[in-house]
Amino acid sequence: MSTLRIENLTVTRGAGPVIADVGLTLEPGKITALVGPNGAGKTSLLEALSGVIPAASGTIHVGHTDVTKHSRVSRARLGLAHVEQGRAVFASLTVLENLRLTAKTPAGVDEVLALFPELEKRKNSPAALLSGGEQQMVVLGRAFAAKPKFLLIDEMSLGLAPAVFTRLLPAVTEFANAGAAILLVEQFTHLALKVAQEALVVSSGKVTYAGESQPLLDNPDTLHQAYLGTN
Ligand SMILES: Nc1ncnc2c1ncn2[C@@H]1O[C@H](COP(=O)(O)OP(=O)(O)OP(=O)(O)O)[C@@H](O)[C@H]1O
């Protein structure tokens, strides 16, 4: 099974590196939580992975293919998808039309509607009329419908109450259980660590923890120190 592997990745923005020497492997069927303080470089890391911004140095491999210099489209063809922060729905299109834009088959749309029964009920409504939580389901659903092997999700909770966000997480777990490798950036750290098997903590662009997520839940001090970059 194919992995997404990053080695010694450095990303520069403006004056200096915002990601320095980061390594990470995403494996099929696993969720990795990427957490850290504001400005730590989480979004920049996702953007470098999907090809929104270039890597200054280091390598990114999808399976055996070195994609470090590949375009965003070329990485997408290899199964890499990125749900960007604040990504919106196509407001005037219905839920079904939004999903059909990315679905490879009609069955792909049905699978998304099965994951989100709320959307099944609203499938003929223009997306503009949905709640914030339902719109985020459409955004996630569009990504799921494309059946990526590797899915990068940036702050899908943005603007949502924790209770609404919690409703989205089981769908992410189900998608991983179907075989996808997921990198989840999330401000609700504990919720992200609970659904993830693996965790990467970054602070000031550097990895301060890499390993299983459970030890971070069991030892709040370890998590705190990783946030501060003092371990
Ligand atoms: N377009 C940009 N141009 C220049 N610097 C940027 C740009 N976007 C982000 N930065 C800087 O890069 C650093 C990392 O930002 P990034 O958004 O990747 O962090 P983050 O961990 O995702 O933060 P947050 O949790 O607040 O979203 C910050 O110092 C930020 O100011």
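## Ground rules

Residue numbers start from 1 along each chain, following the sequence as written. Because the model is predicted, local features need pLDDT of at least 70 and side-chain atom pairs count only at pLDDT 80 or more, while totals for chains, interfaces and linings use all residues.

## The whole chain

Let's start with the big picture. The chain has 10 helices and 10 strands (DSSP runs numbered from the N terminus: H or I of at least four residues for helices, E of at least two for strands). Its C-alpha atoms fill a box of roughly 50 × 40 × 35 Å along the principal axes.

What radius of gyration does the chain have? It comes to 17 Å, which agrees with the value near 17 Å for a compact globule of 231 residues. (The radius is taken over C-alpha atoms, and the globule rule is 2.2 Å times the number of residues to the power 0.38.)

## Around the ligand

The shell around the ligand consists of Arg13, Gly14, Val18, Gly36, Asn38, Gly39, Ala40, Gly41, Lys42, Thr43 and Ser44. To count as near, a residue needs its C-beta atom, placed from the backbone, within 6 Å of the molecule. Helix H1 (residues 42-50) gives the most to this shell, with three residues.

By type, the shell has two nonpolar, seven polar and two charged residues. (Nonpolar means Ala, Val, Leu, Ile, Met, Phe, Trp, Tyr, Cys and Pro; charged means Asp, Glu, Lys and Arg; the others, Gly among them, are polar.)

## Helices H4 and H6

Two packed helices are described by the angle and the distance between their axes. The axes of H4 (residues 106-115) and H6 (residues 132-145) come within 9 Å and cross at roughly 140 degrees (lines fitted to C-alpha atoms over the stretch in contact, with angles from 0 to 180 degrees between N-to-C directions). That makes H4 oblique to H6: under 35 degrees is roughly parallel, over 145 roughly antiparallel, 65 to 115 roughly perpendicular, and the rest oblique.

On the H4 side, the contact is made by Gly108, Val109, Val112 and Leu115; H6 brings Gly141, Phe144 and Ala145. (Contact means C-beta atoms, placed from the backbone, within 7 Å.) These residues divide into five nonpolar, two polar and no charged.

## Helices H6 and H7

The axes of H6 and H7 (residues 162-177) come within 10 Å and cross at roughly 15 degrees, so these helices are roughly parallel to each other.

Here Gly133, Gln136, Met137, Leu140 and Phe144 of H6 meet Val164, Arg167, Leu168, Ala171 and Phe175 of H7. That contact has seven nonpolar, two polar and one charged residue.

Methods. Two residues are in contact if their C-beta atoms, placed from the backbone, lie within 7 Å.
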